[in-house]
Amino acid sequence: MPETSDTGGVPQLTFGQRVQRARTRGGKTRAYVADVMGHSEEWVKAIERGTIGMPRLPKLLRLAHILGIEDITELTGDHRIAAATYTKAEHRQLPIIKQALNRYELRADDRPAESAEVLSARLGQAWRLWHAADDQGAGKGNRSRIGRLLPALLTDTRHAVRALEGAERRRALVAQAQAYHLAQLFLSFQPAPDLVMLTGDRAMAAAQDADSPRAIATAAWYVNHVHRDAGDAAEARVELAEQAVALLPAEDDPEYIARRGLLYLAVALSYAKTGQAGNAWRYWDKADAAARQLGDDYAHPWLIFGRGIVDGYAITMHNDLVQPVRALEVADALDLRRIPSATRRSYHLIETARAHGMLAQSAAAVSYLQRAHRESPETIQYNLYTRSALPELVTAGPRMVREDANELAQELGVPVSA
């Protein structure tokens with residue numbers, strides 16, 4: 001339905017209708033726009049029909065460029081865009097992490113290096129803090145906890161790699177790669193894309209220098225996420241994952257099975273992101289087989305691969321393939337108790353809210369966002385879907401859900417236009 005102007009009752013075009021008008025006026029097909037945007041035709045159709053709302057600012061600008069539009073208000077109309085809503089919120093500890101990553105120690109450190117065993121134990125504690133349920137109160141969320149540990153972990157693993165030799169140095173390199181993975185997780189959904197790419201590259205370099213197939217596979221999982229979010233070609237991401245799988249020994253060791261499953265899941269997510277449903281589900285089946293081989297009760301201690309996240313990421317895949325009804329069917333059957341990570345549980349709840357949002361089921365969407373907030377406040381606080389959906393729910397949602405949406409937006413610090 002066209003929106004109605006507050007002045008004079010003149011019908012106004014919706015965002016989707018404006019996109020369709022610009023596309024047809026420019027003689028561009030849905031297939032062309034989908035290909036250049038890196039999405040499926042179903043995604044373009046969903047945008048034009050209003051099933052999917054206005055994308056975040058970077059993607060919105062890219063869409064305007066593809067459609068040949070110089071003035072973005074030709075797409076947005078009178079809809080005001082708050083930059084703080086459509087861009088990434090900055091965690092207060094981000095400057096400290098930036099400083100730690102950009103620091104170069106050129107002079108030798110005279111203090112003894114910690115052993116790889118000690119570093120591994122410290123990293124184990126850090127992973128547990130990342131996945132643990134948030135304590136109530138400011139500064140007690142997963143990012144805040146990790147932000148306090150990361151500078152020292154980065155410094156100490158770097159020193160160990162320089163000071164140790166032989167097999168002990170290779171183990172320190174594996175620890176260093178893990179420290180960079182934690183940095184990648186901290187930096188995700190932060191306004192620091194250059195550092196996300198930097199930490200992904202450094203983690204892979206450390207894993208390769210360690211000559212560890214397990215570390216390389218883990219680095220490939222995280223690099224895959226980085227490149228998928230950056231919109232890089234799906235073919236490159238698939239090739240990286242398959243090369244990493246090929247390096248893993250064909251053994252029944254759970255450490256190898258879990259990493260193979262993770263990499264198959266990475267490929268499945270990449271294909272779903274670009275609308276290649278057949279390939280997406282073919283690789284999801286491989287990840288599913290790995291989860292079944294490990295058993296329903298298995299979850300990797302820090303990668304969290306297992307039955308729970310294989311099912312959970314199926315929600316994301318259905319969403320990216322613009323299949324919200326199927327996404328909700330998966331969500332209804334998902335057992336969150338099989339996911340021993342509050343951050344992952346929160347993410348999958350947010351994805352369930354996204355599916356409800358695509359179906360214009362506002363009350364259910366807000367309810368799931370509230371559940372995600374209870375699981376992990378800092379996960380939802382920096383999630384881009386949440387930051388773009390809440391203002392719309394507050395200003396344009398059904399009256400019965402506006403108060404709840406506004407309360408959550410205030411709690412998360414998401415700006416809402418009057």
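1. Buried here means under 20% relative accessible area, exposed over 50%, and partly exposed in between, with a 1.4 Å probe and protein chains only. His318 comes out at 9% relative accessibility, so it counts as buried. His318 sits in helix 16 (residues 307-320); helices are DSSP runs of H or I, at least four residues, numbered from the N terminus. Not counting residues up to four places away in sequence, His318 touches Trp281, Gln323, Pro324, Arg326, Ala327 and Val330, a contact being heavy atoms within 4.5 Å.

2. A quick word on provenance: this is a predicted model, where local features need pLDDT of at least 70 and side-chain atom pairs count only at pLDDT 80 or more, while totals for chains, interfaces and linings use all residues. Residues are numbered from 1 along each chain as its sequence is written, and side-chain values use heavy atoms, with hydrogens and water left out.

3. On to the nonpolar cores, each a set of buried Ala, Val, Leu, Ile, Met, Phe, Trp, Tyr and Cys residues joined through side-chain atoms within 4.5 Å. The largest has 108 residues, and Leu182, Leu187, Leu263, Phe305, Leu369 and Leu390 touch the most other members. Helix 14 (residues 254-273) gives the most to this core, 13 residues. Apart from this core lies another of 21 residues, including Val19 and Met54.

4. Helix 8 (residues 116-131) packs on helix 10 (residues 166-187) at about 20°, axes 9 Å apart. Axes are lines fitted to C-alpha atoms over the stretch in contact, with angles from 0 to 180 degrees between N-to-C directions. The pair is therefore roughly parallel, the label for angles under 35 degrees.

How values were computed: Helix = DSSP H or I, 4+ residues; strand = E, 2+ residues; numbered from the N terminus. Parallel < 35°, antiparallel > 145°, perpendicular 65-115°, else oblique.
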